[in-house]
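I opened this model to look up its domains and what surrounds the ligand. My notes follow the order in which I checked things.

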Amino acid sequence: MKALVYHGPKQVSVDNVPDSKIEKATDVIIRLTTTNICGSDLHMYEGRTDVAKGKILGHENLGEVVEVGKAVDFIKKGDRVVLPFNIGCGFCANCERGLTGYCLTCADPTVMPGMAGAAYGFAGMGPYQGGQAEFLRVPYADFNCLKLPEDAVEKERDYVMLSDIFPTGWHATRLANVKPGESIVIFGAGPVGLMAAMSARIQGASQIFVVDHKADRLALAEQIGAIPISSSDDNVTEQILAHTKGLGADCGCECVGFQCFNAAGKEVPNMVMNALVDAVKATGYIGVIGVFIPTDPGAADDLAKKGQIAFDFGKFWFKGQKMGTGQCNVKAYNRRLAELIHHGKAKPSIIISHEIPLAEAPDAYKHFDNRDEGWTKVILRPAA
Ligand SMILES: NC(=O)c1ccc[n+]([C@@H]2O[C@H](COP(=O)([O-])OP(=O)(O)OC[C@H]3O[C@@H](n4cnc5c(N)ncnc54)[C@H](O)[C@@H]3O)[C@@H](O)[C@H]2O)c1
Ligand SMILES: [Zn+2]
Ligand SMILES: [Zn+2]
């Protein structure tokens, strides 16, 4: 089969690799019809993780079931399914509590003591191959597949966003504990930040501020109903205070991650986290879903090499703020967010900028990584 393979920093190609096959009776194989490139792939693409050469990337996967393991009960050949980027077992202590981003059964225990969580095509998240390919092996298929309704093909471009960014954006707003009528500040207008803005709007936020350097992405945020704030201005906090009677937003989201940069393009790892402490009111919640990693040998900054940032903890403590972090538990939200799509209450596909064959993925990685104007979200069509 053909698949997008990581060969080293900024080196990916579409190669012929062995077909995905059933390894356990609880697996299915799907033929990918849509699979996306994600901002998380860029951390790997840039060589800023320890992802192994030879890994097939791709964790935002939707397709048709073509082969079913003997112990799979509910999922049938021909079903159209979207897969959470997390791989869960359904029976461990964390999956049982709905924390499927922290599965104990599927995790790779060699990553670090107490490691939890697994994903397709991801650094440190187990041996699973990704779905930027023609076929994908899905473990514990009855648990992990979300079967799509009769408009699966018609709304495929929306449903594919249930694999990651729509639930992840929603999760950011839940970690931020946004309530109807509250204001929220979201740093990052990438796909995840834009989905957080859409989620906040659906949940009835009164003012949604989205901060980014990129004008084309801020324009999309505005289309979603947010107030765009350019982070090239050095008075981001002042602008938010001016909109919120000097108090700060009721809550905030970090949707950028450890590679955040300043207006000059230089990485400043603590920049967004400290900006959130300033821009969110005393007692407010901060949801951090941008990825941070335990070690970052490729960082220019000495603290960042050890996975640390100079965080304004004193101010955070003094303001009595609260914080939630980590991978999204996609299964906690995807079924209900699918209902919003099905009934026309959410249209996450509005952020798609490029829809291309798998063969063109290497070129798309380049553009998306440069954050070239207009390259907001790329979806790949391996079956086209
Ligand atoms: N926790 C999870 O489950 C989960 C899931 C998916 C993605 N992620 C992570 O979320 C983050 C965002 O993903 P994405 O797909 O939107 O990526 P992206 O890289 O396309 O978007 C990041 C955006 O942040 C902006 N940015 C950079 N520095 C900034 C600053 N100082 N202030 C404001 N904006 C700034 C960039 O211009 C860009 O538009 C990544 O770290 C990704 O790995 C986490
Ligand atoms: Zn993703
Ligand atoms: Zn589990």
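The entries below cover the domains, their contact and the ligand shell.

Entry 1, ground rules. I am working from a predicted model, where local features need pLDDT of at least 70, side-chain atom pairs count only at pLDDT 80 or more, and totals for chains, interfaces and linings use all residues. Residues are numbered from 1 along each chain as its sequence is written, and chains are lettered from A and ligands numbered from 1 in the order in which they are written.

I found 23 residues from domain 1 and 23 residues from domain 2 in the contact (C-beta atoms, placed from the backbone, within 7 Å). On the domain 1 side, helix H1 (39-45) and helix H12 (334-342) each supply at least two residues. Helices (H or I, at least four residues) and strands (E, at least two) are DSSP runs, numbered from the N terminus.

I counted as near any residue whose C-beta atom, placed from the backbone, lies within 6 Å. Of the 33 residues around ligand 1, Gly-39, Ser-40, Gly-190, Val-192 and Gly-257 come nearest. Two or more residues each come from H1, helix H6 (191-202), strand S9 (207-212) and helix H9 (271-279). H1 gives the largest share, four residues.

Why does ligand 1 lie between the domains? Domain 1 and domain 2 both give residues to its shell, so ligand 1 lies between them.

Note on methods: Two residues are in contact if their C-beta atoms, placed from the backbone, lie within 7 Å. Domain bounds come from an automatic or database domain assignment.
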